[in-house]
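Me: I'm new to this one and would like to learn how to read it. Can we go through a few features together?

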Amino acid sequence: VQRYYPKDSIKYSKEVDADFNYESKLYGKTTMIIHCESPNGDFEFVFKKKINKLSRMIDYKDGAVGEVYNFKTKKWVHEEESWKHSDMKGKPQDTIIFSEHNLYAFVLLYDHGGFIEKAKFQDFGNVVYWPEFDYQKCTISDEDKDGKPEFYLSYMGDSDGLDAKPFKQIIYTIPEKSKGQNLTKSKATAYYPSGNEDDVYRIEYDENWKQLSKAVKLKSQKIIKDHSLKYKD
């Protein structure tokens, strides 16, 4: 298993003999690829982020200036109905950037000189909970030692101040009698309280997750626990 980031795109093309920017016109920039070689074939776990809008708020002592990024000119422009820089006194104190984007991920199997799409993930949660991949907690492994890799995808959502913040984990597994069909999808979600006093930290598992092998469940739970230990700090 080997990870590749945008800075490794040339290295990836040489070592894997494939284009790092898989279907970029449709799905946006590739942010990470995890390459896996297994007895069941060579797989690419491709993560992508398609940015639809970038905006920012520049805070001053007595107000804030809103700007929107123009992708054609590659410049920030003033957002209507917000203060202008000329209205402000002193220097900016802080800048907050908001990204409205779609997240995608693909599990691809190398076959006869090309790739077959075995699984496709997408989340268009903006501007509801601003989803972002947790790249370090996305991985490939073979926990049950059956020669078939499992694909662990983890991502975090924000909150409106009332709803709990979700940490979502999707696990793609190869069916026992795989004959070219797509992978099986399982899901676990950890909810972090956010503003609602009645909320408590909890984890929910779907029916497919409950059918996973014990080793895969333990791997899943460890990822979720490690995230909770770090996130709560």
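Me: Let's start with Lys 74: is Lys 74 buried or exposed?

Reply: Keep in mind that this is a predicted model. The general idea is to look at relative accessible area, where anything over 50% counts as exposed. Lys 74 comes out at 63%, so this residue is exposed. You'll find Lys 74 in the loop between strand 4 (63-70) and strand 5 (75-78).

Me: What should I look for in the backbone there?

Reply: Check phi. Most residues other than glycine have a negative phi. Lys 74 has a positive value, near 60°.

Me: Where is Lys 145, and what is its phi near?

Reply: Lys 145 sits in the loop between strand 9 (139-141) and strand 10 (150-156). Its phi is positive too, near 55°. With a relative accessible area of 69%, Lys 145 is therefore exposed.

Me: How do I read the largest nonpolar core, and which residues touch the most other members?

Reply: Think of a core as buried nonpolar residues joined through their side chains. The largest one here has 23 residues, and Phe 47, Phe 121 and Leu 153 touch the most other members. At least two residues each come from strand 2 (29-38), strand 3 (41-60), strand 6 (94-111), strand 7 (114-123), strand 10 and strand 11 (165-173). Strand 6 gives the largest share, four residues.

Me: What is Leu 153 in contact with?

Reply: Leave aside neighbours within four places in sequence, and the contacts of Leu 153 include Phe 45, Phe 47, Ala 105, Phe 121 and Phe 133. Lys 168 and Gln 169 are among them as well.

Me: Last one: how many residues line the largest pocket, and which lie nearest its centre?

Reply: Start with the space, then go to the lining. The largest pocket holds about 260 Å³. Its lining has 16 residues, with Asp 144, Thr 173, Ile 174, Leu 212 and Ser 213 nearest the centre. By type, the lining divides into five nonpolar, six polar and five charged residues.

Methods: Residues are numbered from 1 along each chain as its sequence is written. This is a predicted model: local features need pLDDT of at least 70, side-chain atom pairs count only at pLDDT 80 or more; totals for chains, interfaces and linings use all residues. Side-chain values use heavy atoms; hydrogens and water are left out. Buried means under 20% relative accessible area, exposed over 50%, partly exposed in between (1.4 Å probe, protein chains only). On a 1 Å grid over the protein atoms alone, a cavity is a set of points where a 1.4 Å probe fits but cannot get out, and a pocket is an open set with protein on both sides within 12 Å along at least five of seven lines; lining residues have an atom within 4 Å of a point. Grid points are joined across faces, edges and corners, and a volume is the space filled by probe spheres set on the points. Ala, Val, Leu, Ile, Met, Phe, Trp, Tyr, Cys and Pro count as nonpolar, Asp, Glu, Lys and Arg as charged, and the others, Gly among them, as polar. A nonpolar core is a set of buried Ala, Val, Leu, Ile, Met, Phe, Trp, Tyr and Cys residues joined through side-chain atoms within 4.5 Å. Contact means heavy atoms within 4.5 Å.
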